[in-house]
Number of protein chains: 2
Amino acid sequence: MTTENDVLVSENHLTAFCTQILENIGVPSDDARIVVKNLVEADLRGVYSHGVVRFPIYVKRILDGGTNPKASMKILRETRTTAVVDGDNGLGHLVGVQAMQLAIEKAAEGDCVFVAVKNSNHFGAAAYYTEMAARHNMIGFSFTIGAINHMTPWGGAEAMLGNNPFSVAFPTREDFSIVLDMACSIAARGKIIVAAKEGKPIPEDWATGPDGLPTTDAVEALKGFVTPLGGPKGYALTLTVGLLSTLLSGAFFGSDVGDLYEKTSTAQNSGHLFGVLPVASFDDLDSYLDRMDKAISDMRNAKKATDVERIYLPGEREYLSLLKHRQQGIPLGQSLYRELAELGQAHALRLSRIA
Amino acid sequence: MTTENDVLVSENHLTAFCTQILENIGVPSDDARIVVKNLVEADLRGVYSHGVVRFPIYVKRILDGGTNPKASMKILRETRTTAVVDGDNGLGHLVGVQAMQLAIEKAAEGDCVFVAVKNSNHFGAAAYYTEMAARHNMIGFSFTIGAINHMTPWGGAEAMLGNNPFSVAFPTREDFSIVLDMACSIAARGKIIVAAKEGKPIPEDWATGPDGLPTTDAVEALKGFVTPLGGPKGYALTLTVGLLSTLLSGAFFGSDVGDLYEKTSTAQNSGHLFGVLPVASFDDLDSYLDRMDKAISDMRNAKKATDVERIYLPGEREYLSLLKHRQQGIPLGQSLYRELAELGQAHALRLSRIA
């Protein structure tokens, strides 16, 4: 995604900039730091679709009353291996971190634990939460419902499903976790948003317009429906992720789901589900890690296709991106940079560029 | 898949036929019944790729010494919410049912429970196990590693991954569970096997031949690689399902994985992971079921695309197929019917057709 026209901004500066804005609009300092760390890490990892490109809408929702800046998560119901929590309509990144932290703490004795969440909001990149678990030597799961419906049931012509993302992360001996993070459409809607902001076309199989026909126009695509991976399989998968994310807690699903970008003064009641499996409850950690080393080696050392220099593990490119962006700065598209800089002006904050 | 040339066989007759053959080759009666019920249910549900089309290879593996007909599953390690079991190289359908049953029993007090399995074999349709959980008002998960490597790591030209299937099932008030059951390729390899047996071509995006180029020849496709859903996403997904299925128990992964069809005298050491989340530990069952009713209604009553008469839920078509096949008989392709009938002759058993 990095192009010549991108503006480079340092991690620390971008973090301080966003944190100050959140504080200015009423988010407690500690909470603001948790949210912005999560958000900026997506950009560091090159997952631009879930990074600061979303920051303006999060700010707008707080200003418009749709999101609670001073949220306090409550546990509604709890057993030794389950919990249902109410996110108090807080920023999804904060609620997500607190709910996954609860799952990790509850699993300290070695249990498999799942925590279902209601009254939350868009939580950014699903991988952020599963990596928290992996750092505790647990396999982590996260599921969330998309913050807009823009997929149809298979055979339908009405958006009743979000492009619901999920993630699974595994502890490894590498410097990074192996982490799957995918949505159920062929491409994440966030990527269509980035393309629309940058005025770039999208591949033909990413979306249909409002008429249900394929389009390469990112702006038209945002008015239509995203196309599920593998047709009916993708429908079944996104329905499954949506049900997992909402039915255990009572978060909104289907016709109740609002629109992150349109209904900015209304609470979204987004749902998530977080789960952890502590590796050491199944086998000793070293035996597991030995097997993981071998699995990684099998992938890396497989015969390569013509012109392929290196085979990556899921999560590895993102980690390499993080190292590079930490050193060289985070690339922001010109229009995103301008949007953030303008947002800063309203707070008498300057967004400085490295290059 | 039903065509004019299909042979219809009754559920009861096909069940008795297969059960008798398994008993003849040393499988205890009770175990044979569990395996064949599972296998025939796939055909009833119209999931022909995981039904009796696989029966001849299961029989051959027992006869050749690759699968243990008198297996006895052992629990190797156990906590209150986890277990690791050794399938004693038994038929995967038997091991799978016993391991999921263990998960359900352990979850009787309301815990989230996961059971990891090693030393198992090809277990058929992943949905069979998750539906067991759904009937106990638990959300069920099943993951398994494919019994042949025929997918490459992304950028690779060597099969290091199976087309690893997984399933999630949800309790409902309907006569069927909502159940996702998918593999990570665009099409299940079993469907390519069926096409090859029937001499039919396959769509261009299902597989590449041994040269890595797309092919519509099902026989060539079986010598090459299956294509993952959504490119690198599908690679990440199949790797994830494979790691979940094997790393917690020590089942074979990657370069260690054998070939269901080729190495018939060698144990496969296949792995699975089963999980259950008891709904009532999160919220009262009726509240959950009310929400599920509404979710189902949202899907069914969505505006339909042109020429679409009905929107189905995942698992609904399979249930309707089961009702129909139970009444009218199970359709078997001509060549599969001949193959099974010949197998029967070796056991002095006749496979009778309804039509």
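Which residues does A:Thr264 touch, if we do not count residues up to four places away in sequence? Let me start there, and please keep in mind throughout that what we are looking at is a predicted model. A:Thr264 is found in the loop of chain A between α8 (232-246) and β10 (270-278), and the residues that it touches are A:Ile57, A:Lys60, A:Arg61, A:Asp64, A:Gly65 and A:Gly66. With one of these, A:Asp64, the side chain of A:Thr264 makes a polar contact of 2.7 Å. A:Thr264 counts as buried, because its relative accessibility is 9%.

Leaving out residues up to four places away in sequence, A:Met160 touches A:Asn149, A:Met151, A:Thr152, A:Pro153, A:Gly254 and A:Ser255 in its own chain, and B:Asp298, B:Met299 and B:Ala302 in chain B. If you want a distance to check on the screen, the C-alpha atoms of A:Met160 and A:Ile148, which are twelve residues apart in sequence, are 9.2 Å apart in space.

That brings me to the interface itself. Between chain B and chain A, 79 residues of chain B are in contact with 79 residues of chain A, and the area buried between the two chains is about 6,200 Å², with carbon and sulfur atoms giving 68% of that area. How many salt bridges are found across the interface of chain B and chain A? There are ten, and one of them is formed by the side chains of B:Arg77 and A:Asp283, at 3.8 Å from N to O. Also across this interface, 32 residue pairs are in polar contact, both residues of each pair being at pLDDT 80 or more. On the side of chain B that touches chain A, the elements that give two or more residues include the strands β3 (82-86), β4 (113-120) and β5 (138-144), as well as the helices α8 (232-246) and α9 (285-300). Of these elements, α8(B) gives the most to that side, with nine residues.

If we leave aside neighbours within four places in sequence, B:Leu277 is in contact with A:Phe114, A:Leu248 and A:Leu273 from chain A, and, from chain B, with residues including B:Cys112, B:Phe114 and B:Phe282.

I will finish with salt bridges within single chains. Side chains of opposite charge can pair when their charged atoms come close. Over all chains, the count comes to 42 salt bridges. In chain A, the side chains of A:Asp286 and A:Arg173 meet at 3.1 Å, N to O, and this pair links distant parts of the chain, since A:Asp286 is in helix α9 and A:Arg173 is in the loop between β6 (166-170) and β7 (178-182), 113 residues apart. A:Arg173 is partly exposed, with a relative accessible area of 38%.

In chain B, the salt bridge between B:Arg33 and B:Asp30 has its closest N and O atoms 2.8 Å apart. Because these two residues are three residues apart in helix α2 (residues 29-44), B:Arg33 and B:Asp30 are separated by about one helical turn. B:Arg33 counts as partly exposed at 46% relative accessibility, whereas B:Asp30 is exposed, at 52%.

The side chains of B:Glu339 and B:Lys197 also meet in a salt bridge, at 2.5 Å from N to O. B:Glu339 lies in helix α11 and B:Lys197 in helix α6, so this pair ties together parts of chain B that are 142 residues apart in sequence.

Notes. Residues are numbered from 1 along each chain as its sequence is written. Chains are lettered from A and ligands numbered from 1 in the order in which they are written. This is a predicted model: local features need pLDDT of at least 70, side-chain atom pairs count only at pLDDT 80 or more; totals for chains, interfaces and linings use all residues. Side-chain values use heavy atoms; hydrogens and water are left out. Contact means heavy atoms within 4.5 Å. Buried area is the accessible area (1.4 Å probe) that two parts lose on being put together, summed over both. A salt bridge is a side-chain nitrogen of Lys or Arg within 4 Å of a carboxyl oxygen of Asp or Glu. A polar contact is a pair of N or O atoms within 3.5 Å; within protein, one must be able to donate a hydrogen and the other to accept it, and residues adjacent in sequence count only if both atoms are side-chain atoms. Helices (H or I, at least four residues) and strands (E, at least two) are DSSP runs, numbered from the N terminus. Buried means under 20% relative accessible area, exposed over 50%, partly exposed in between (1.4 Å probe, protein chains only).
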